[in-house]
Amino acid sequence: MKEILIATGNAHKVEEFKTMLEPLGFCVKSLKDIKEKIEIHETGKTFEENSMIKAMTLHQALGCAVMADDSGLEVDALDNAPGVYSARFMGEDTSYDIKNQYIIDAVQGKERGAQFVCVISYVEKDGKATSYKGIVRGEINDCILGNKGFGYDPIFYYPPYGTTLANVSEEMKNAVSHRGIALRKLVDYLKEQNENDSCCTL
Ligand code: IMP
């Protein structure tokens, strides 16, 4: 079975990647599975830069094929904030109930459009690097709704579902999400390559 190392320790993201990659025959490993403590500095100003920094840092440290994602919420009425600062928005330790309520209040009486963006970067064993982008458009809901998913899901209203992404199953979210779209693009590439370079024995 092919193993893929994912440059994240976020349990929710790992779960989403597993749900999408395991049926395709991939064994998903994450930062929690490696012994080495590798520091990653997300100093980029774009999702592309940050995902590549994460993937390259691990590839250079471990020498294996690595995929990394960088993602976040862009709110139209807030000039695309919080964007690449989504995790750090209002401080890493601030609860998402507080962050989400802040955003609801900030768009009050304004245009409610928003999007989740995800860029997955993949660095192969030989150092070849590619990136895959996914975007899902929606609206900021007028209240916090749902308890599935994570982060900003409870305020991300997805019109075709008529509810927030925190109020649908993981499968339904993955079918339309920014991460799902980006990952399916990478999977298409992996299938095309059909190469052993995506293996990484940890
Ligand atoms: P990253 O780990 O640097 O990519 O930060 C991603 C941050 O963006 C997360 O901590 C969340 O705040 C937000 N985010 C990204 N994807 C999602 C999602 O699918 N649902 C809700 N929030 C998300």
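Student: What share of the 202 residues in the protein is buried?
Tutor: Buried residues come to 48% of the 202. Keep in mind that this is a predicted model.

Student: Okay, and what does the secondary structure come to?
Tutor: There are five helices and seven strands. Starting at the N terminus, the elements go β-α-β-α-β-α-β-β-β-β-α-α.

Student: Why does a radius of gyration of 17 Å agree with a compact globule?
Tutor: Because a compact globule with 202 residues would have a radius of gyration near 17 Å, and the protein has 17 Å. Along the principal axes, the C-alpha atoms fill a box of roughly 50 × 30 × 25 Å.

Student: Now contacts. Of those with a separation of 6 or more, how many are between residues 24 or more positions apart?
Tutor: Such pairs account for 61% of them.

Student: Let's zoom in on a residue. Where is Ile38 found?
Tutor: Ile38 sits in the loop between strand S2 (26-30) and helix H2 (47-62).

Student: Which residues is Ile38 in contact with, leaving aside neighbours within four places in sequence?
Tutor: Those are Thr57, Leu58, Ala61 and Leu62. Take Ala61: Ile38 is 23 residues away from Ala61 in sequence, yet their C-alpha atoms are 7.6 Å apart in space.

Definitions and conventions: Residues numbered from 1 in each chain as written. Predicted model: local features only at pLDDT ≥ 70, side-chain atom pairs only at ≥ 80, totals over all residues. Heavy atoms only, no water. Helix = DSSP H or I, 4+ residues; strand = E, 2+ residues; numbered from the N terminus. Rg over C-alpha atoms; globule rule 2.2 N^0.38 Å. Buried < 20%, exposed > 50% of the residue type's maximum accessible area, 1.4 Å probe, protein only. Contact = heavy atoms within 4.5 Å.
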